[in-house]
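Visitor: Please take me through the surroundings of the ligand in close detail. Keep it brisk.

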Amino acid sequence: MSAPSDTQRMEKIVSLCKRRGFVFQSSEIYGGLNGVWDYGPLGVELKRNLKNYWWQVTVHERDDVVGMDGSILTHPAVLRASGHVEGFSDPMIDCRTCKAHLRADQLVEKKGVKQCPNCGGKDLTAPRPFNLMFETHVGAATDESSIAYLRPETAQSIFVQFKNILEVSRKKLPFGIAQIGKAFRNEINPRNFTFRSREFEQMELEYFCRPEQGMELLEYWKKERLKFYENIGIPRSKLHVLTVSDEERAFYSKGTYDIEYDFPFGWQELEGVAYRTDYDLSQHQKASGKSLEYFDEETKQRFVPHVVEPSAGVDRTVLALICEAYSEDQAPDEKGKMETRLVLRFHPRIAPVKCGVFPLLRNNPQLVAKAKEIVDLLRPHMTVFYDESGAIGRRYRRQDEIGTPFGITVDFETLGEKDPALRDTVTLRDRDSMKQERVAIQDLPAILRERLA
Ligand code: ATP
C-alpha cells in the first residue's frame, strides 16, 4: 500500500501531465475511453526520445541485432500456436453487489474473508478466465473464418518472421531481432494512470542463441537493461530485480526476471527479461509445418534456436521517467523571496525540449532578432522553445516545469551595449543548479550537444 504522501505525489504528477500537455485521456470530450491515453506535444517528444534511445543502443550500436516492424492485425493461427487464444487470460471475479468486474488478485481480504475493493461486498462470483485479447474481423464477413486479433505483444511477429530475417540478414547465432510497436490487452481493470492501459507500446528484443548460451545471456541482458535505465536517469536504487519463482514462471521459461521501479503507487514491473527456451519457435514450426531451424555451418548441426527476451513497456517507462523527474525545491522569485519551484529533472538525453531561448525584453527588436537567430542556429541540432512573454524568472519556471535542461537569455550585454567584449555572448542557465554562465553564441551548438549526449 502506498503512503498518503505518495498518493498526493501521484495526483500532482497526473495533473501536471494534463496541464502541460504530456498525457490526456483519450476521447476526453466524450467522457473518455477507459484505459486508453493520448500523448500531447511534450509527451510525444519524451516518448520518442525514449524509443529512439532504445533503438540506438539496441539496434544501431550493435552488430548482432536487426530491427523489424510487424503488423498489428494478427492471423489467429499465430496466436493459437503461441498459446494466447487458449490461455492469455486473467482470472475474473464479479461483485454481485456493485457489479464491478475484478481481477482475482485485486480482492481485499479482511479477517480471512475476500471482499470487493470498491464496495466491500462479499457476494462474489467464482473466478473464471477472461481472455485479454481484442478480437476483430478482417474483410466483409463477420463469422469465425474472418477473425483476427490485435496483437497482445510484439514478440510473435518476430518469431513468425524469424526465418525470413535470418535469410536476409545472414546473421549467425547469437543474434537478435528488435521491435517497437503497439500492443493491446483488454485489461479487466486498467489503473494507475498509464501504468496498466488497454493500448500501449512495447520495446522488445528476441535474442536467439544456442541452448547452452541461454542462462548466461539471461544474466547478460538483465545487466544491459539495468544499465539502460540508469542511462536515461533512473538510478539503480529505484530499480528492483525480482527473480520470478518456479511456480509463477511460464512453464517453458528456464529463468525470468522482472525489473521493477519504485512508483509512487508501489514497486511495479517495468520490464520482463525471460529465457524462453525454444518454446516459441518450436510451437510455430509445429503449427505451420515450416522449418524454423538454424543450420550451423561449422558443426553442421541443425536445431531450433533458444531465445532470451527483454520486453519493456514504453508507456510504463515514460511514466517512470516522469515520476523520477518530478521534484519540488525552493528558489528565489523575481524579488528574491523564496518560493516553491516545480521542476522535472529529466536526464538531458530524454528531455522533450532541450533548450529555451529568451530575449530579455519582447519590445526590443534587436534583442528579439538576436534570440531568433539563436533559435535558427540551434534548431537543426535539438528541440528549442522560444519564449518572449512575461518576466524572465517566470519564463525559467515554465521551462523548469517541463524539464528543459538549458535556458539561454539574450540581454543588453549580448548587443555589446555595456562591454564590447561581451558582444554576441549570452547567459546559459542550468535547470538543476540554476547557475548561469556567459558563453559565446557561436559556441552554443557544441557546448549543448556535448551536454546532451
Ligand atoms: P503485468 O504483470 O503488469 O500485467 P506482464 O507480465 O503481463 O505485465 P509482459 O507480458 O511481460 O507483461 O509484457 C512486457 C512489458 O509490456 C511489461 O513489462 C510492461 O512494461 C508492458 N505491459 C504489459 N502490459 C501492459 C499494460 N496493460 N499497460 C502498459 N504496459 C504494459
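This is a predicted model: local features need pLDDT of at least 70, side-chain atom pairs count only at pLDDT 80 or more; totals for chains, interfaces and linings use all residues.

Guide: Strands here are DSSP runs of E with at least two residues, numbered from the N terminus.

Start with the shell. The ligand is surrounded by 15 residues. Glu-187, Arg-196, Ser-197, Glu-269 and Leu-270 are the closest. By class, the shell holds four nonpolar, five polar and six charged residues.

The side chain of Arg-196 places an N or O atom 2.8 Å from a ligand oxygen. A polar backbone atom of Leu-270 also lies 2.8 Å from an oxygen atom of the ligand. For Arg-316, an N or O atom of the side chain is 3.0 Å from a ligand oxygen.

Next, the cover. On its own, the ligand has 600 Å² of accessible area, and the protein covers 80% of that. Which elements give two or more residues to the shell? They are β13 (199–209), β16 (266–275) and β19 (306–313). Of the elements, β16 gives the most, with four residues.

His-347 sits in the loop between β21 (338–344) and β22 (355–359). Its relative accessible area is 23%, so His-347 counts as partly exposed. Beyond its neighbours within four places in sequence, His-347 contacts Asn-231, Ile-232 and Gly-233. Ile-234 is 113 residues from His-347 along the chain, yet their C-alpha atoms are separated by 8.8 Å.

Technical notes: Residues are numbered from 1 along each chain as its sequence is written. Side-chain values use heavy atoms; hydrogens and water are left out. Buried means under 20% relative accessible area, exposed over 50%, partly exposed in between (1.4 Å probe, protein chains only). Contact means heavy atoms within 4.5 Å. A residue is near a molecule or strand if one of its heavy atoms lies within 4 Å of it. A polar contact is a pair of N or O atoms within 3.5 Å; within protein, one must be able to donate a hydrogen and the other to accept it, and residues adjacent in sequence count only if both atoms are side-chain atoms. Accessible areas come from the Shrake-Rupley method with a 1.4 Å probe; for residues, only the protein chains shown count as cover. Ala, Val, Leu, Ile, Met, Phe, Trp, Tyr, Cys and Pro count as nonpolar, Asp, Glu, Lys and Arg as charged, and the others, Gly among them, as polar.
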